[in-house]
Structure formats: structure tokens, C-alpha cells
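Hi there,

Here is the structure I promised to pass on to you. Have a look at it first, and then read my notes below.

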Amino acid sequence: MRDVTMAFPAGEPGGPRTALCGVDLDVRAGELLTLVGPSGCGKSTLLDLVAGLARPTRGEVLVGGVPVVAPHPAVVVQQYDLFPWRTAQGNVEFGLEGTGVPRPERMRRAREHLALAGLSGHADRYPHELSAGLRRRVALARSLASGPGVLLMDEPFAGLDAPARASLRDDLVRARERIGTTIMIVTHGIDEALRLGRRVAVMTRAPGRIKEIVEVRLDARDRRAGPAFGAYRRHVWTLLRGEVTREREAATIHG
Ligand SMILES: Nc1ncnc2c1ncn2[C@@H]1O[C@H](COP(=O)(O)OP(=O)(O)OP(=O)(O)O)[C@@H](O)[C@H]1O
């Protein structure tokens, strides 16, 4: 993203709303980047711009060096809803329909991706027979089966309990390692951001900019807990708290 500003036209009281202002961000191919920031700072808007679902007011968004002017076939926005009338296998196959992949190959790839996500034993189950965590993993397997170049995920852990979050995290790390997909994840969870991201982009309050990119230099074990993890957590927390405090002060001054 090069100097990206996104302003929405006046629709509500308060006039036009600038969601992002002068965002510069480089995401490396094959990287898993997490994005955290105060509520309303423009995180979802940023993903929409990468997905080509919206065009910036100013600046440029490029994927693979090519300006994004429409949704890109290799950029997938993670959807979480499953078709209730299809099995887990059927839902993953859906991700490959309309791509020209013949049915036997679709079935094979779906089985392979379910297996990669540790879901082989659940292939014939319907969504209502699966826990929320397993449903989320089926949805992820569906996205990955199509072999996306870039996967965009907005709050993928919302509503999941700790074990389900941990499984989904493992799936994501494996996917990045095995398939090489570039993954951008928006999350409210600082721990999640630090456990997953090789880099964590911390945004300012609205209108959002990138405040700091934190390089997480921890191996897999140290990402779970420990003093080094605690130091990263405090650092990101301090960056975010500074933004929330500034927001409160601005609100007080402006009435
Ligand atoms: N389509 C739209 N029209 C008008 N304003 C919008 C639109 N989409 C987003 N906004 C505004 O842009 C700002 C940024 O919204 P966005 O949803 O990107 O923030 P966010 O950081 O993802 O928020 P949260 O953390 O609460 O999910 C908000 O003030 C929001 O009201």
C-alpha cells in the first residue's frame, strides 16, 4: 500500500469520515502478517482495499506489483459461513467449483485439505454436527483448497474458545509453511497477533496509519508464554494504549 487514504462520503452526521490516512505497508510474499489497532481505525477497510472490494481515495494498492482495480482471483477473503446442506467435504469442494477443476480432482483436493486440517474423520459430517471451532477450520480448508496467493482474514478467532483458537492457529501456521500463501489477519487479540505474525502491524487510532511494525523474533515455543513473549505483549499493549488514550483526550477536548 502506497500512501493510501480512504475517505467515505458524508452519510452520517459529522460529515465525511476518513478511515485511513497515508498508509504505507509492504507485505512480503508468503508472509503471515497480523494487524492490530483501536476499534474503528480502519483495519477492515484496509483488507477491503487489498481485496479490491473498494478503491482508495488516494494512493495505490498493489498485489504482486500490479495495481488492484477489482477483486483479484488469487486474493481470497475468508468467509466463515458453511452451506448447512453440504457435508464438510462438500463445503470444501465448493471452494473449487467454477474453477474448471474436474469433479474427481475437486474431491481429491478437498479430501487432502480436510486431512491437512486434521478433519479427515469429519468429512461426512454436516455443519450442525460440528463444533464452532471445527466449522471454522472447514471454512479455512475451503479457502486454502483453491490455493489462494493471498488470504485475508478479519477476526478469524472471534467467538472461539481457547482450544479451538489454538487449533486454528496451528492450521494457519501449517498453511503458510506448506502452501506458501501470504496471509493477512486482523485481530483484536494481542496474544493471537504475536503468536501468529512474523510481523505485527500496529495501527494508530482513526484515521488509521501504520504506527509501528513489530518484528516478532521468537521461536514457536517462546510464542506460547515466557518472559520474551511478555515483553512483546507489553510493547504492543503500550503502543495501543497510547492510541486509545489519545482518542479519549480528543473526545474530551471536542466535547
Ligand atoms: N461503507 C462505509 N461507509 C461509511 N463509513 C464507513 C464504511 N465502512 C467503514 N466506515 C467507517 O470507517 C471507519 C473504519 O471502519 P473499519 O470497519 O475499517 O474499522 P475497524 O478498525 O475494522 O473497526 P473494528 O475494530 O471496530 O472492527 C469507521 O469509522 C467506520 O464507521
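Start with the open sheet of six strands, whose order is 7-8-9-3-10-11 and whose pairing is mixed. Keep in mind as you look that this is a predicted model. Which strands sit at the edges of this sheet? They are strand 7 (75-77) and strand 11 (210-215), and each of these pairs on one side only. On average, and ignoring direction, neighbouring strands here are turned by 20° against each other.

Strand 1 and strand 4 run antiparallel and are joined by two bridges; T5 has R58 in strand 4 as its bridge partner.

Next, the helix pair. Helix 3 (residues 103-116) packs with helix 4 (residues 132-145) at an angle of about 130°, and their axes are 9 Å apart. Because of that angle, helix 3 counts as oblique to helix 4. What is the handedness of the crossing of helix 3 and helix 4? The crossing is right-handed. To see who meets whom, pick out R109, A110, H113 and L114 in helix 3, then A141, L144 and A145 in helix 4. Sorted by class, the residues of this contact are five nonpolar, one polar and one charged.

Zooming out, the protein is divided into domain 1 (28-74 + 149-250) and domain 2 (80-147). Notice that domain 1 is written as two stretches of sequence, 28-74 and 149-250. The centres of the two domains, taken over C-alpha atoms, are separated by 25 Å. Where they touch, 12 residues of domain 1 are in contact with 11 residues of domain 2. Which element gives the largest share of the domain 1 side? It's helix 5 (residues 162-179), with seven residues. The domain 1 side as a whole has seven nonpolar, three polar and two charged residues.

Most residues other than glycine have a negative phi, and most peptide bonds are trans. D3, in strand 1 (residues 2-8), has a positive phi of about 50° although it is not a glycine. Then there's the bond between A206 and P207: it is a cis peptide bond, with omega about -10°. You'll find P207 in the loop between strand 10 (199-203) and strand 11.

Cheers

Note on methods:
Residues numbered from 1 in each chain as written. Predicted model: local features only at pLDDT ≥ 70, side-chain atom pairs only at ≥ 80, totals over all residues. Domains from an automatic or database assignment. Contact = placed C-beta atoms within 7 Å. Helix = DSSP H or I, 4+ residues; strand = E, 2+ residues; numbered from the N terminus. Nonpolar A, V, L, I, M, F, W, Y, C, P; charged D, E, K, R; others polar. Pairing = 2+ DSSP bridges. Axes fitted to C-alpha atoms, helices over the stretch in contact; angles between N-to-C directions. Parallel < 35°, antiparallel > 145°, perpendicular 65-115°, else oblique. Left-handed = near helix turned anticlockwise from the far one by under 90°.
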